Amino acid sequence: MQSSEIRNKFLNFFKEKNHQIVPPHSLIPDEQDDSVLFTSAGMQQFKSCFLGQECPYQSRVATTQECFRTSDIEEVGDEGHLTLFEMLGNFSFGDYFKKEAIGFAIEFLEYLGLDKDRLRITYFKGEEDIPKDQEAYKICRQHGFSDSQIEGLGRRDNFWGPTGVSGPCGPTVEIHYDRTQEECPQCKEEGVNCSCGRFVEIWNIVFNQYYQDKDGNLSSLDQVGIDTGLGLERLAMVLQDVPTIFETDLLKPLITRVEEEADQSYEENSEPFRIIADHLRGITFLVAAGVRPDKEGRGYILRRLIRYLQKELNKLSLSDFSYQDVVDLIVNKLGEVYPGLEEARSKVVSIIKKEEKRIKKTTQRGLKELKKVSSKTISGEEAFELYSTYGLSPDKIKEKGYNFKQEAFEKAREEHKKISRQGAEKKFGGHGLKEGEKADFKTTALHTATHLLQAALRSVLGDEVRQKGSHINQERLRFDFSFPRGLKEEEISAVEKWINNKINQDLEIKKDEMSLEEARQKGFLTVPGADYPDIVTVYYIKNKAGQIVSKEVCAGPHVERTGLLGEFKIIKEKSSSRGVRRIKAILQ
Ligand SMILES: [Zn+2]
Ligand SMILES: [Zn+2]
């Protein structure tokens with residue numbers, strides 16, 4: 001079944017259930033909603049309706065919404081991530097609730113022809129002071145699902161929100177599909193979250209029934225609501241029975257077009273093809289929303305997409321790729337559904353080309369500068385200068401045969417951030433900066449929390465746990481580590497407890513410098529596979545008894561005391577790849 005047919009069937013199905021079909025909102029959120037750069041979920045345009053405030057719509061609506069997630073840009077290339085995706089959703093503002101919402105979902109999936117026996121449902125089993133969602137469980141049983149198809153999970157998996165510190169939130173029901181019906185040794189214990197990839201989540205149904213205040217207290221909402229999200233790419237993958245979302249009719253034609261010109265095939269090396277297909281869709285939609293390349297904000301995201309696109313095209317020796325064919329494929333496919341695309345058709349390529357020219361020109365100027373340097377060893381400051389002025393990436397500089405210390409480069413980058421902040425402070429008399437400072441502090445605090453997390457995991461799970469990767473933005477940390485199985489609920493709680501205990505002790509984060517060899521001998525952790533200079537900075541934390549509880553080789557920066565962190569909470573624990581687990585956590 002083609003994606004357009006799925007989309008139409010969804011909207012018609014809910015129209016027949018008396019839903020108002022609301023057109024997709026622009027990727028740029030309304031002015032009063034400054035919490036995110038882009039529309040990243042279907043419910044976003046209905047925020048005031050959920051809060052019982054002014055609502056220009058009927059009490060039940062359905063949409064297809066294009067969404068853009070900046071947090072996933074670096075992750076595109078694997079089997080599951082996209083920056084631009086479509087979300088189908090049905091919503092109720094004080095109208096129907098759990099019984100209808102679950103009923104509609106099951107009826108629709110059966111109507112599409114999915115085998116009910118292959119559905120798995122998770123619901124909120126209760127945690128802390130929040131009771132089990134007995135009602136959702138009962139409804140699922142009434143629909144004929146056996147207990148082996150229903151799984152109760154905790155707050156991390158089956159409770160949504162609030163976004164930010166306060167707001168509506170509530171338990172969820174998630175519908176998963178059994179793709180392979182093949183049981184691996186871990187499937188029994190890990191259920192739908194099993195890392196063997198047997199199950200795919202297709203529909204998330206949120207029951208907005210609580211309001212959480214700033215202090216974390218829950219009260220019942222006067223007006224309950226339903227917010228659902230059904231990922232179109234995933235549903236198409238299931239219905240078309242293809243291995244990943246990239247083989248669906250939404251993305252495969254783009255990949256095939258790129259393949260026709262590339263000197264490698266998608267089979268041989270999938271990653272660049274996936275990134276190119278995703279980023280070209282992202283770029284086209286951003287241009288359609290009126291975004292243009294810029295130094296900051298949305299324009300900066302577009303600039304990054306174009307830069308990454310170029311990088312991947314170079315990998316396939318496609319430096320002179322004709323974009324228009326792919327843009328046409330995108331617009332032909334989706335132009336009728338998403339307004340603005342048709343108009344963007346003729347603009348996208350020239351915007352990309354112009355940006356490419358700009359990048360090329362500055363790079364050439366940078367390379368000229370680089371040639372003037374007589375020594376093949378340059379300082380980290382010089383390398384950073386070339387990067388910040390001409391966009392020469394550290395890799396590019398190394399590729400040209402120049403050496404520098406990565407750590408010194410990072411230091412210069414931090415220094416630069418600090419100076420530009422101070423400069424801006426002078427310029428604006430201190431206005432408008434507080435946000436940037438807050439963001440920097442949050443990122444730094446999450447970095448310190450990452451060190452505590454690694455130490456806690458090793459304490460709870462054993463010393464075989466090693467960092468495999470990490471990524472931090474101002475909202476959350478992500479930490480990948482080697483471990484053969486999913487964490488048990490008790491283990492996750494133990495990790496959180498270990499960390500919050502260290503936070504409550506308000507311990508000092510100490511810093512030292514030593515040779516890499518000495519640091520290794522003394523047991524300071526390094527990231528396997530990473531490059532380190534001969535002299536390294538180490539950070540360590542001692543507990544009240546004077547024992548070292550965390551020690552890592554790291555370029556920083558960190559906060560001064562653990563007491564500044566706030567409460568540590570793990571929001572997700574899942575498989576990242578074979579033998580590697582991924583944790584997402586926040587400080588609140
Ligand atoms: Zn399994
Ligand atoms: Zn670190």
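1. Helix α8 (residues 252-261) packs with helix α11 (residues 324-334) at an angle of about 165°, and their axes are 10 Å apart. The model is a predicted one. An angle over 145 degrees counts as roughly antiparallel, and α8 and α11 are therefore roughly antiparallel to each other. Their crossing is right-handed.

2. Which residues make the contact between α8 and α11? On the α8 side they are P253, L254, R257 and V258, and α11 supplies D325, V326, L329 and I330. By class, the residues of this contact comprise six nonpolar and two charged, with no polar ones.

3. Helix α11 also meets helix α9 (residues 270-288): the two axes come within 10 Å and cross at roughly 70°. Angles of 65 to 115 degrees count as roughly perpendicular, so α9 is roughly perpendicular to α11. The crossing of α9 and α11 is right-handed.

4. The contact of α9 with α11 involves L280, R281 and T284 of α9, together with V326, V327 and I330 of α11. Its residues divide into four nonpolar, one polar and one charged.

5. How many bridges join β10 and strand β11 (residues 477-482)? There are five, and the two strands pair in the antiparallel sense. Within this part of the sheet, Q467 stands opposite F481 in β11. In general, strands of a sheet pair through backbone hydrogen bonds.

6. On the domain level, the protein chain is divided into domain 1 (3-242), domain 2 (251-364), domain 3 (376-417) and domain 4 (436-587). The C-alpha centres of domain 1 and domain 4 are 32 Å apart. The contact between these two takes eight residues from domain 1 and 11 residues from domain 4. On the side of domain 1 that touches domain 4, five residues are polar and three are charged, with no nonpolar residue.

Conventions. Residues are numbered from 1 along each chain as its sequence is written. Chains are lettered from A and ligands numbered from 1 in the order in which they are written. This is a predicted model: local features need pLDDT of at least 70, side-chain atom pairs count only at pLDDT 80 or more; totals for chains, interfaces and linings use all residues. Domain bounds come from an automatic or database domain assignment. Two residues are in contact if their C-beta atoms, placed from the backbone, lie within 7 Å. Ala, Val, Leu, Ile, Met, Phe, Trp, Tyr, Cys and Pro count as nonpolar, Asp, Glu, Lys and Arg as charged, and the others, Gly among them, as polar. Axes are lines fitted to C-alpha atoms, for helices over the stretch in contact, and angles run from 0 to 180 degrees between N-to-C directions. Helices (H or I, at least four residues) and strands (E, at least two) are DSSP runs, numbered from the N terminus. Angles under 35 degrees count as roughly parallel, over 145 as roughly antiparallel, 65 to 115 as roughly perpendicular and the rest as oblique. A crossing is left-handed if the near helix is turned anticlockwise from the far one by less than a right angle, and right-handed if clockwise. Two strands pair if DSSP finds at least two bridges between them.
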